[in-house]
Amino acid sequence: MNERLNLLDRWRLRFGWPPRILLVMGLCLASFSPAVRAQNASLAIKVDQVGYPLNDPKIAFVSTAAQSFAVRRMPDGAVVYRGRLTPPQADANTGDRVQVADFSALHKAGKYYIEIPGVGRSWTFTVGANVYDHAFYLAMRAFYGQRCGMAVNLGSEFPGYSHPACHTHGEFHPSSGRSGERDNLGGWHDAGDYGRYMVNSGATTGTLLWAWELFGTKLGSVRLNIPESGNGTPDILNEIRWNLEWMLKMQDSDGGAWFKQTSTHFSGFVAPEDDNLPSEVIGTGSPPYKSTCATADLAAVAAIAARVYRPFDAAFAARNLEVARRAWAWTEKYPNVTFKNPTGILTGEYGDPNCQDERLWAAAELWRTTGGAAYNDFFLRNYSGYLATLDSPPAENWSSLAPMALQAYALAKQKGSDAKVIAAIRERCVTAARAISTRTRDNPYRVSMQAKDYVWGSNGVAALYGMDLLIANIFHPDPDSVNAARDNLHYLLGRNTFSLSWVTRVGENAVKHPHHRPSGDGKLELPWPGLLAGGPNAGRQDAVLAALPTSLPPAKDYADEMASYASNEVAINWQASLVFLLAGELE
Ligand code: G3I
Ligand code: 9MR
Ligand code: ZN
């Protein structure tokens with residue numbers, strides 16, 4: 001011992017501190033320096049890990065007893081704001097006792113964290129202009145990563161995140177009424193699996209096209225760094241077209257659309273190019289083989305595309321219109337052919353016993369695009385029973401299209417629309433938005449979510465609340481609606497009981513193990529970027545969730561585990577709702 005000390009002393013005198021000791025000292029010092037302390041952030045402090053716009057309310061939550069907080073600047077740790085926490089409020093959906101740290105008065109742009117004596121520090125966040133730009137870029141570009149049938153490469157930003165063309169071998173399954181080869185290359189992988197499903201594509205593509213129609217002035221110049229970038233068409237429309245082209249190919253010559261194109265069963269957790277199961281065009285199993293929900297969704301989406309793409313590619317727009325009209329005509333002949341998995345098919349069912357709401361949506365979009373009286377008549381004959389669906393978002397937006405149908409009619413500026421009906425729809429949306437924003441303000445975590453909303457894909461429900469609030473804000477501008485919409489975004493980006501950002505690679509503590517085959521094939525350490533995980537699900541339809549303590553309240557029924565497909569899967573429909581919400585929040 002003595003000898004070692006002497007050695008050390010002699011070394012120190014001659015050469016200074018040995019490198020190993022310097023390293024240890026460095027680490028000790030570093031643990032006090034704000035730059036690295038983020039690793040020790042306390043999950044009891046919940047912030048939006050992306051950030052807060054400069055002049056917006058800025059609120060963090062604390063789920064452990066404390067009195068005061070400080071906001072510190074990165075990287076030097078200087079205190080820029082001090083405040084007191086509000087008394088705790090019990091939150092039934094999480095079981096947490098929640099205190100509020102309000103630092104809305106902080107108006108200086110920068111990167112910060114919150115510190116609470118005796119508790120610790122938060123993840124870092126930004127205050128400033130354009131805080132959501134990069135999150136929007138990643139979330140929209142995530143669709144590019146889901147492309148099927150072509151090689152994908154995220155480039156130098158995410159080296160190694162690439163895959164060769166996948167699912168290139170396709171064929172008609174006997175349930176389609178046809179046989180033989182049919183590749184239908186294209187489209188987006190639906191979710192963590194590699195299937196392509198028309199009805200989920202419908203809500204997704206419609207939502208994204210709406211984001212363009214409503215917020216296009218903010219989106220037009222966003223470059224997504226995709227193969228089509230620079231071709232003269234805005235990138236968001238380039239990306240959407242990849243899926244649209246596949247949807248168009250799913251239409252049979254009689255105008256009807258097959259339901260889905262998937263393997264017979266889910267593949268293992270392999271990379272897309274390693275899934276060699278044939279991609280089957282799947283139908284209902286008996287004449288007319290096509291499904292009304294799929295066909296009506298195609299009609300709606302193609303009708304929107306017909307007006308959106310007109311300035312950029314008139315021929316493509318015209319093709320969409322033709323598809324939409326023929327699809328609509330097919331649904332008139334077959335108003336409710338529903339789909340169930342045929343024998344031997346085990347992939348997602350997207351079961352829906354009623355396609356009337358899909359038809360209502362198609363009618364509204366066709367009316368909005370063409371002004372054809374028959375579409376208006378159909379809408380006016382059928383809309384009234386659906387008004388109540390505007391009060392809160394559906395659990396499954398892929399199966400409940402009535403809200404989009406009604407909103408489409410009220411957004412249309414079509415000569416000959418029924419003004420009273422438009423007024424009634426707008427009134428219902430605005431009244432709902434008032435109730436939702438009041439409830440959101442009173443909720444301890446300031447989310448619009450109610451206990452019933454913690455279902456499969458609940459994060460999509462949170463995003464849909466945001467979407468409805470933003471649409472209501474178009475009908476009747478109201479800062480409360482905009483703030484409540486953003487509160488739901490804050491929830492998704494980390495201001496939640498888990499202090500977790502549910503968008504991969506967005507925020508310091510983002511979801512790491514989504515149910516997503518390309519991320520989980522064992523070749524990559526971190527998941528593909530920009531993807532929204534499903535979220536807490538009190539239905540608990542997988543083994544991971546089923547093993548959680550039964551006493552957990554609904555908003556806690558979540559696990560960041562790959563095996564939890566019922567709470568941690570990514571899916572294009574809730575991804576699209578996130579993109580819409582982010583698009584609405586861009587400055
Ligand atoms: O709405 C009811 C609710 O009232 C009830 O209390 C609750 C009880 O469990 O169930 C709720 O319905 C659930 C519904 O999701 C809405 O959350 C169903 O049980 C549940 O089975 C259904 O899950 C669907 C899931 O497929 C299983 O069919 C999801 O909506 C749907 O998004 C999901 O979609 C899958 C595809 O099949 C395959 N690809 C991946 C995709 C995403 O996970
Ligand atoms: O990976 C599948 C996911 O995309 C689906 O949403 C989910 C429910 O249909 O099913 C997943 O596949 C699981 C299958 O249903 C049961 N065996 C385990 C599979 C996941 O590894
Ligand atoms: Zn594929």
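Domain bounds here come from an automatic or database domain assignment. Select residues 33-128 and you have domain 1, then select 133-493 together with 570-585 and you have domain 2. The model is predicted, so local features need pLDDT of at least 70 and side-chain atom pairs count only at pLDDT 80 or more, while totals for chains, interfaces and linings use all residues. Residues are numbered from 1 along each chain as its sequence is written, and side-chain values use heavy atoms, with hydrogens and water left out.

With both domains coloured, note that their C-alpha centres lie 36 Å apart. Where they touch (contact means heavy atoms within 4.5 Å), domain 1 contributes 20 residues and domain 2 contributes 14 residues.

Next, consider the buried area, which is the accessible area (1.4 Å probe) that two parts lose on being put together, summed over both. Between domain 1 and domain 2 this is about 1,300 Å², and carbon and sulfur atoms give 55% of it.

Now show the side chains of aspartate 56 and arginine 486, which meet in a salt bridge at 2.0 Å, N to O; the term stands for a side-chain nitrogen of Lys or Arg within 4 Å of a carboxyl oxygen of Asp or Glu. Across the interface of the two domains, the rule finds one salt bridge.

Definitions and conventions:
Chains are lettered from A and ligands numbered from 1 in the order in which they are written.
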